[in-house]
Amino acid sequence: MAQLTLDEVTKTFQDDDGEIVAVDKVSVDIEDGEFLCVVGPSGCGKSTTLRMIAGLEDITRGEIRLDGQIINDQPPARRNVAMVFQSYALYPHMTVRENMAFGLEESTDMPDDEINERVEQACKDMGIFELIDRKPGELSGGQQQRVALGRAIVRDPEVFLMDEPLANLDAKLKAEMRTELQELQQDLDVTTVYVTHDQTEAMTMSDRIAILNDGVLQQCATPLECYHEPNNLFVAGFIGEPSMNFFPMTLEGSTLRGEWFEYELSDETVAAVEGTTDITLGIRPEDIEFVQGNGPNVFDSTVHVVEPRGNENTAHLQFDESMDDQFIATVGGMKQLKAGQRVKVRFPENAIHLFDTESGEAIRNRKLDEIETVESVV
Amino acid sequence: MREILSRLLATGGRLRSAVSRDESDGDQLATDGGATVKTTRGDSLRNSLPIEWELIESAPFWLPPVLFAGFFVYGAIAWNFLLSLTDYSGLGGAQYETFDFSMYTRMLNDGTFWQAAQNTVVLLVVFTVLCLALGLFVAILIDQQIRFENTFRTIYLLPMSLSFVVTATMWAWVYNARNGVLNQLFRLFNLEGALVGLLRPAGVNAEVVQWLSWNTTALAAVIFALIWQFSGYAMVVFLAGLRAIPTEHYEAARVDGASTIRMYARVIIPQLRASAVSASVVLMVFALKAFDFIYALRGSQPGANMDILATMMYRVAFDSLQWAYGSAVAIVLFALALLVIGPYLYSEYRRGEL
Amino acid sequence: MSIRDGGFIDELRSTENSRIGLYAMLLAGIVFYLFPVETAVMTMFKTESAFAQTLPFAPPGADGFTLEALATAWNTLRPGLLNSLLMAIPATIVSALLGSMTAYGLTTISWRGQVAVVVLIIAGIFIPYQAVLVPLAQFWFQVLPGLLNGFVNTVFGFITGGNWQYPSRNGYVQLLQLSITHAAYGIPICTLLFRSYYQSISDEMIEAARLDGASAFSIYRNIILPLSLPMFAVTLIYQFTQVYNDLLFALVLINEPASQVATQRLAALTGGVVQSFNTTMAGAIVAALPTLLVYIVFGEQFAKGVAGE
């Protein structure tokens, strides 16, 4: 049972050119039993943050608390955390049993038979009991992954730390392990911090996502909130695949003027963006509608490339041949589009996101109350 | 040793527990004092240590061996330098009273020193260059997907596993003027007379080539034998370098239509620069250490043709008991070695390879 | 004939003839690298008159064959061989162990400024031993005996009566001194060999062990040491060869004939006035035997040690 708190945690490195800030005043409260994913592009400081929680890196400023206790200067072993590494970091000369027992032998006074019992139980839980006397070299990647998880579980830690644990698995196994990990975390109900660069992993597994960029926490919220109500341009662009489309615009009266089109805003929206003139308009590919006939906020465009994905098609569109960047719209897999085809697209006002171009802050997001729930069948 | 280690570790443990006690104090403050804690944090014992924890933690492992080796290597070199400033000679203990550079000025006026220094440099350069060339050639031959590769490699490297004394003994027989292999072979092909005419130094009257005593051949004979012994080493280093080059580079060069020779000259050999540098540093150092070979071949008085600084130093110090003068020669030898390895270590350091 | 992709020397490989040329060159290499050894082996079985009259690389005829030279050489060298092993084996083990510890403290545990220590250690590999020879003799024969005599006679004066003398001339003491000297000078190269190996060990694994609660000592004992076994083979074999083959330190530190090592005895045999080449060749082969055996059995490890891998 553990609540993990990061309070203005900062990490700086000394470089030839001076100080480099790797993690900048990151504050997050992670609830007991919560599954938090930390995502961001490579070099954003997510691994450094995890390593500071583990005690593998010193904390330059700020503090990390576990159930209210400051653990900044605790050596890793005393923090009661267990970590799963990307490379699994199994000890190659030890059997699965020895690998899993090592931590208990080193950090507790537990008698050998109890250690053995716990190791065997953990192996059974992980479905690797028949591999218990093998060495890591004799195991497949997926099996090694289970041993690495088992090694973390057997310690019965207060916090699980995982550093891209699925990155070395192939796509199919990765999807399998994703579900399994999620179930395991729910069963054990252990506070978990999970670092990944893969936003799909973050979306599908976590209770909340913390998005880092350049060492700064951009947003920490549930997957749906991050998707539908991004705090800023970075989060809006990072979460979602394919990414949100962005168009730089200028507000004149109630009209957003851009290089390719003009967008008419409702009075309500104009009131919401009051005072900002440089505005970036964002719209998710699946929110773009293909329509017949003209109307407000309907624009002519040409299909440049179509990528069929089976369940849906991704269309790369251009307003004009001279437009360098394309924007992307997705349509259902049963709707056919052809390259070169002229189409009319509509950006519905309730789906658009507006950002202050200068600061990147979101000033109007799409409304979450439109989300429908699937009725249960009694 | 073990006991000292565990005691040191126990101390480390106490330090750590002191650290965590300090933290729990800080915690109480935190619950009471709220926001003020931040300023009182960070002064725990571990953080207040003037040096990194990892340094303390690792010291029991590296410090004793480093002190042990450091005493014998750097302590001895410093001591040697000190001795070179005295005029210590003969039996009895060293007198550390007056220090000057008289031994070094004496050296500058000593013809033997200049001869030995010249031989040392020639040996160093010629041996290293030829060794690299032969080693590279053999490595390329071995890298042709040959059968019995391991056998060939093992045999080519075998001389390096032998002592200088053993190889010197063998080469003394090879070079023997009357019955040695070399002269017997030349005799077999009726080349001996021509060779004697070609190599005989002025004023010498002989019918067989005296490989180890003629001033025309003595140093070359030593260099040749050393190449025999160490080209296998260059081969091993180059082979590792060749194996590290991706197959695609050969294929790309072939697709580009390069001939084999051009492919090696333009694509492959330039990539072996690192191998060549590290091999030549080691080879040069071997050349500076060639003392054992020459001593076993000719004793401590190998004659001016074969005398190198290493043999001169030994002779001056341990035969003539001119300790201070020997030390001064040793310092010159050390400076030469430094000249070779200094730039190498510096460039390795700059490339982050250390 | 198998032709692999990415092969080289087209001109050599593309036809049978060129392939034969390649093997001819490789065989010429064997002749080049082995002929001094081969002539030595042949000569050691020849009588005085036989080695003077036959070609050195030809085998001895029935009338020219003798084991006498080998017997003489063996009798001369045997005590030296024993001394060499007695001195070289402990020196090798100590160097390897200390080298592994040093490398661990300077590689696996990382701290700021360790590169400076590493540079000093690596530079130590390349020191010409002439630069330490005079101090070495001073230390073992003058300073250390002086200090020990003073210490023992002061502290234990009531037993020794002030007459204790450090046994500088004792053969075993001299061998021990030589062994310690070799152990010290072997540390740098052993450290380098272990260091490059430890650099390849995954950082994440060491971090996992730290999270598992292992102390620096426990990580060394339970993880690094077991993983180092192949590297110990490389280091022990390489270092044994180096120590056994050395002549210079032995010349300076061993002056009791009874404790001379093999290389010293061989050098004395070679340097004799009368050159009986059958005896000196037999001596060379006998003296080379331990390292040759090690090389033939563990050639792979030796090659790795040589390449600094």
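Which residue just after α15(B) takes a positive phi of about 75°? B:G299 does.

## Basis of the model

This is a predicted model, in which local features need pLDDT of at least 70, side-chain atom pairs count only at pLDDT 80 or more, and totals for chains, interfaces and linings use all residues. Residues are numbered from 1 along each chain as its sequence is written, while chains are lettered from A and ligands numbered from 1 in the order in which they are written.

## Helix α15 of chain B

Helix α15 of chain B spans residues 291-298. Helices here are DSSP runs of H or I with at least four residues, strands are runs of E with at least two, and both are numbered from the N terminus. Eight of the eight residues of α15(B) are buried, so the helix is largely enclosed by the rest of the structure. A residue is buried if 20 or more other C-beta atoms, placed from the backbone, lie within 10 Å of its own. Among the buried residues are B:D292 and B:R298.

The cover over the buried residues of α15(B) includes α8 (164-174), α11 and α16 (309-319) of chain B, and also α12 (248-253) and α13 (262-270) of chain C.

## Annotated regions of chain B

An unreviewed UniProt entry annotates residues 117-342 of chain B as "domain: ABC transmembrane type-1". UniProt positions are given in the numbering used here, feature names are shortened, and annotations may be inferred rather than shown by experiment. Over residues 117-342 of chain B the chain is 72% helix and 0% strand, with the end C-alpha atoms 20 Å apart.

The UniProt annotation "transmembrane region", also from an unreviewed entry, covers several stretches of chain B, including 154-174 and 323-346. Residues 154-174 of chain B are 71% helix, and their end C-alpha atoms are 22 Å apart. Residues 323-346 of chain B are 100% helix, with end C-alpha atoms 33 Å apart.

## Contacts and core

Chain B has 88 residues in contact with 92 residues of chain C; contact means that the C-beta atoms, placed from the backbone, lie within 7 Å. On the chain B side, helix α4 (residues 53-84) gives the largest share, 18 residues.

The largest nonpolar core has 296 residues, and B:A234 and B:V329 have the most contacts inside it. Such a core is a set of buried Ala, Val, Leu, Ile, Met, Phe, Trp, Tyr and Cys residues joined through C-beta atoms within 7 Å. Helix α11 (residues 218-244) of chain B gives the most to this core, with 18 residues. Beyond its neighbours within four places in sequence, B:A234 is in contact with residues including B:C131, B:L136 and B:L283.

## Strands of chain A

An open sheet of four strands in chain A has the order β2-β1-β4-β5, with antiparallel pairing; two strands pair if DSSP finds at least two bridges between them. At the edges stand β2 (18-30) and β5 (69-70) of chain A, each with a single partner strand, so one side of each has no neighbour in the sheet. Five bridges link β1 (residues 4-15) and β4 (residues 61-66) of chain A, and A:L6 has A:I64 as its bridge partner in β4(A).

Strand β9 (residues 208-213) of chain A is mostly covered, with six of its six residues buried. Strand β3 (residues 35-39) of chain A runs parallel to β9(A), joined by four bridges, and A:V38 stands opposite A:A210. With β10 (residues 216-221) of chain A, β9(A) pairs in the antiparallel sense over five bridges. Two residues lie between the strands of this hairpin, where A:D214 takes a positive phi near 50°.

Definitions and conventions: Two residues are in contact if their C-beta atoms, placed from the backbone, lie within 7 Å. A residue is buried if 20 or more other C-beta atoms lie within 10 Å of its own, exposed if 12 or fewer, and partly exposed in between; C-beta atoms are placed from the backbone.
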